[in-house]
Each structure stands twice: as C-alpha cells, then as structure tokens.
Amino acid sequence: MIVFDRVGAGYAGRAALREVSARLVPGKVTGIVGPNGAGKTSLLRAALGLLPHTGKVTVQDRAVEEWSREALARTIAYLPQGGDAHWPVPARDLVTLGRLPHRDRDARAVADALARADAGAFAERRIDELSAGERARVLLARALATQAPVLLADEPAAFLDPAHQLRLMDLLRGEAARGTTVAVTLHDLALASRHCDEVLVLHEGRLAATDLSDETLARVFGIAVLRADGALVPWRLV
Amino acid sequence: MSTLLPGKSASYLLASAAILAAAMSFFLGPTHIAPKELLDGLFGGHGIAAIVAREIRLPRAGLALFVGAALGASGAALQGLFRNPLASPDVTGVTSCAGLGAVVALYFGFAALSPALLPAFAILGALASASILFVLARKGAGVMALVLAGVAISSLAVALTALALTFAANPYAMAEMVLWMMGSLKDRTLTDLAFAAPLIVIGIALLLSAARGLDALTLGEEAARSLGIDVTSVRMRVVLGVALATGAATAAAGAVSFVGLVVPHLLRPLFGYRPAQLILPSAFGGALLVAASDVLVRSIDPSEQLRLGVVTAMLGAPFFFTLILKLRREA
C-alpha cells in the first residue's frame, strides 16, 4: 500500500505535482493516466523517494524517508519509462539485476520472472539482438525478479504489440491477484479503462479525477470517446 | 552465458600469464646474469647480481604489473561508469593530467621535499580531470562530447607539461619530457614501486567496491537508484579509485597510453559485458599487456631508446579506430 497525502513536488521551479492525495491499494491494478506532463512519472518517483516532495508519502505504513535504500528497493520494484540496457548483456543477466536489492542471484526467481514476462524463450540471447517488444518484456522481467510487494511501471505498454499489451495487462492483473500493489502509467485509455481496477487521472500536477467519465475525458484530455464492451476508444477532439 | 571459459579459470590464466611476463622481464636485461644468480641475489647476497635483481629488475617487473593493473582496472571501471566503451584513463585525459601533476612535483622541487609528493601531485592531476569529466557527464554530455572533452583536456595537459618542463630549473628536464609523454619503466627504483603499489591496490579496491553499482547502472541511473544503489557514492568511488590508481601509475611510469582502453575490450568476449565481471580481469589483463610490452620493448631495442608507451600506443591506436567504426555501424 502506498499513500500520497497532499504531495507536492517540482523540477527547477516548475510544479510537477500539486497537493496530490491518493492511494495505491494491494491486490488492485491502479492505472495512472493524464496528458503529457501531467505528473504521472513524478508521482511514481515520489513513491520511490527519488523526488524531493512536500506532503507525505507512506509506503507500507512507513514514511518513504524512513526506509533504507535497499529495504525500499526490496519493497518497490520500479520499471522506468523507456528503460534500456547500456551493455549488450544476455537477457538472463539483465533480469538477474532485479536481485540486487536482495544481494543474491536467485536463479529460480529469475527463471520465474522470465517465464511470467513471456521472455523465457530468449533468455540466453543478448539484449541488443532482441526486438523493442522483446526488450520491453525482459525489462519487465527484471522488475518482477525483485519479487517486491509493490510494482510500479512507467509506460510498460509503449513498445508492445497489441497481443503483448493484452498479455502485459493480464500479467499485471495476475500480480495484483497475488496481493501485489500494482500501479502503471498508461497513455492508452482503452487499456486503462478495460484492465485497471482504479484510475488516477492527473492533470497539470493535480489529481483531476478517479474515473474515466465523458466529462473527465473532455475536461482533462479534450477528447470525446466511443464506448463498447466496457472499454473506450478515443474518437475525436472536443 | 556466452563465455568461452568460466570466469574464474580465465582470471587465473590471465594472472598467471601476467606473472610469467613479469618473470621474463625480470630475467631479461643488458647485463647478462644467469637466472639462478639473479634469484639468489633477489633473496639475499651481495654483489652485482643482488644489486641488479633488487634495485633494477624487481622494481621494473613489479611496476609493470602494478601500472598495467591500475590502467586496466581504471579503464574497465570508467567504461562502466560512463556506460561507454570509448572511456579510458588516457582517452579521457586523466593520464595526461596525472603526468602534468608528476612533472610539476618533480621539476619544481616538491618531490625533493618529500617523495610522497610525487604521487600526490599526480593523483591530484588525475582527480582534477576525472572530476571535470564527471561534471560534464552529470550535465548530460553525450559520448562524443565526453571524448572530445577528453581530447581537449589531454592536449591542454600535454601543452602545460611541455611548458612546465621548459621553465624547469633542471637542465635535463626537456630531455625527460619524452618519458612523461610516452611512459617508460626504465631506471625505476624500489621507492617508486613502494609508493605506487599500495596506492594502486587501494584504488583498485575502491573500483571493485563500486562493481555492484556499475552493474546496476547498465539499466540507467533511475533504475539503478530504484534498485537501492547509491549512485552518487558509486561515481565518487570510481572517480577516486581511477585517480588513485592512474595517478600512482603515472607518477611511477609516465603516461602509458591505450592500456585502459584496449584491455576491457579484449576481455569482453571472455568475461561478458557486465562491468562488475570485468574490473579484476582487466587488472590482470593490463598487467599482462604492460609486462609483455616491456619485454617486447627491450627485445626490439636493448639500448632502450624505444619507450613502453610507444609500443602500447602502436597496439592501441588502430584498435581505437576500429572501435569507433564499429560503434558507428551499431549506431
């Protein structure tokens, strides 16, 4: 569980988060949506203690500042946006980096993470030989290998083909079903509406809504949508 | 793992080869003395053999190992820190600045006050250039910007070294410029070895202590932080470790170039790309390369007008070009 209590933060004088109060609940997938620059990544970074902030961020009932670096890293697994590997290491070695906070190289945890991210087939291949989508799955496996009770993923669907986007959301739902607190930033409103239990809509650093109603979408995104089968499709500007 | 040999046995092999090369270096020299006599001289005894063994051959062979280890490990760690295979103590200008520090200490009388001031000045020079690069990298300078900054720092340091030697009171200073710019293990003393070795060991230990963090940096800074790594501390250790190791090595042997660049590259097919796996093997590989190059220098030219750094540069420069071409293709 992560609780944000009137959290504010900024970069070089520009406010990135203003008075955001929200909670990320165990067992649920929380989708964080909003236009570019709305503060989605900043919210995740505040939860990780990577962004100096006002207000209070509580991770598993303890203020984020009170956590030791490694204990927090064992509690929250984080998949940054557009992450990549700077050396062409084999996928399995990269996933093993997820064990750093535990100071072990638990081969079973690594194999399990690779399998869950559907990356087992290319575990021995070098990361630079993989397609963007395969790389994204390896990086996701790296986050899963930490086996943390909280999983924060920043735009994990960005490079995935539609089938793997759906698989990703299934996987995140599976993690949540095991009791993990899952939060994921998404640009794809269809994925957010269809696969997330909770939604946080950020707009100019504020929490603008916790739903994806027509009114919210018009106000925050300036769009109208088509709805079908519980999902929505961005349709036109308003 | 796509490695040819398990890491440990390959490491032992490299270390053994380095010691073998140093042993060859020990038994090789213009004064012909039987190996047995040299060994007896090393562990006691008097006379020519003892003096040659202890005062000339031992410092030379020992420094070859330590200088090579310092440069190899520094190269591997710098490449890990900058996440860039072009980084190395010489390409980034760290070696030239260490040379400048050593020259200032030697020819302006500081080294005469205390022999410890020679490595101290070299380390300060190395630290200054490493810090500049570190700040540039922090400000988001790309690969090429860092390499160009290294070229600029290096040229400036070489020019200032020449300037310092021109104004030095010592009439032999100009003649010795070659030593500082090309590197040499000729006429080193046990004192040189005694000062360099512990500093290099501490420097390499610092680099090894940063190894986990360098591995995590493979994923980028943000991910490394989220894995519980204190990225600032990792950077400090690498900069300080490189400054200590390269500074001490350069104070003892001048600017030996390209070792830090070439060795980690040659070893990646054997040890993989993870920075943590490369630092210690690169130290062994560097020791082997420098010891072998020194043997080569003396086999080609027993009068020793040929400098060690000339050989390592002739091996290294074409390699550097190949590497740039390869990186361009990959980009």
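Visitor: Where is the place of A:His53 in chain A?

Guide: Happy to start there, and please keep in mind that this is a predicted model. A:His53 sits in the loop between helix H1 (40-47) and strand E4 (54-59) of chain A.

Visitor: Is A:His53 buried or exposed?

Guide: The idea is to look at relative accessible area, where under 20% counts as buried. A:His53 has a value of 18%, so it is buried.

Visitor: Which residues does A:His53 touch, leaving out those up to four places away in sequence?

Guide: A:His53 touches A:Val7, A:Gly8, A:Ala9, A:Ala46, A:Val64 and A:Glu65. With A:Glu65 there is also a polar contact, side chain to side chain, at 3.2 Å.

Visitor: Let us turn to the two chains. How much area do chain B and chain A bury between them?

Guide: The size of an interface is often given as the accessible area lost when the parts come together. Here chain B and chain A bury about 2400 Å² between them, and 62% of that is on carbon and sulfur atoms. In residues, 25 of chain B are in contact with 28 of chain A.

Visitor: How many salt bridges and polar contacts are there between chain B and chain A?

Guide: Three salt bridges are counted between chain B and chain A, along with six residue pairs in polar contact, both residues at pLDDT 80 or more. On the chain B side, the elements giving two or more residues to the contact with chain A are helix H3 (47-82), helix H10 (211-217) and helix H11 (221-226). Sorted by class, that side of chain B has ten nonpolar, seven polar and eight charged residues. One salt bridge to look at joins A:Arg45 and B:Glu222, with the closest N and O atoms 2.2 Å apart.

Visitor: Which residues are linked in a network of salt bridges?

Guide: A:Glu70, A:Arg74, A:Arg103 and B:Arg212 form such a network. Over all chains, a search of the whole structure finds 26 salt bridges.

Visitor: Which parts of chain A does the A:Glu198 and A:Lys28 pair link?

Guide: The side chains of A:Glu198 and A:Lys28 meet in a salt bridge at 3.2 Å, N to O. This pair links distant parts of the chain, 170 residues apart: A:Glu198 is in strand E9, and A:Lys28 is in the loop between strand E2 (14-24) and strand E3 (29-33) of chain A. A:Glu198 is partly exposed, at 31% relative accessible area, and A:Lys28 is partly exposed too, at 33%.

Visitor: And what is the distance between the closest N and O atoms of A:Arg173 and A:Asp197?

Guide: That salt bridge has its closest N and O atoms 2.9 Å apart. A:Arg173 lies in helix H6 (residues 162-177), while A:Asp197 lies in the loop between helix H7 (189-195) and E9 of chain A, 24 residues apart. A:Arg173 is partly exposed at 33%, and A:Asp197 is partly exposed at 37%.

Visitor: Now backbone angles. What is phi of A:Glu204?

Guide: Look for positive phi in residues other than glycine; A:Glu204 is such a case, with phi near 50°. A:Glu204 is in the loop between strand E9 (198-203) and strand E10 (206-209) of chain A, and is exposed at 54% relative accessible area. In chain B, phi of B:Arg83 is also near 50°. B:Arg83 is in the loop between H3 and helix H4 (94-107), and is partly exposed at 21%.

Visitor: Last one: how many disulfides are there over all chains?

Guide: The count is zero. As for cysteines, A:Cys196 is buried at 12% relative accessible area, and B:Cys97 is buried at 12%.

Conventions: Residues numbered from 1 in each chain as written. Chains lettered and ligands numbered in written order. Predicted model: local features only at pLDDT ≥ 70, side-chain atom pairs only at ≥ 80, totals over all residues. Heavy atoms only, no water. Contact = heavy atoms within 4.5 Å. Buried area = accessible area lost by both parts, 1.4 Å probe. Salt bridge = Lys/Arg side-chain N within 4 Å of Asp/Glu carboxyl O. Polar contact = N/O pair within 3.5 Å; in protein donor to acceptor, adjacent residues only side chain to side chain. Helix = DSSP H or I, 4+ residues; strand = E, 2+ residues; numbered from the N terminus. Nonpolar A, V, L, I, M, F, W, Y, C, P; charged D, E, K, R; others polar. Disulfide = S-S within 2.5 Å. Buried < 20%, exposed > 50% of the residue type's maximum accessible area, 1.4 Å probe, protein only.
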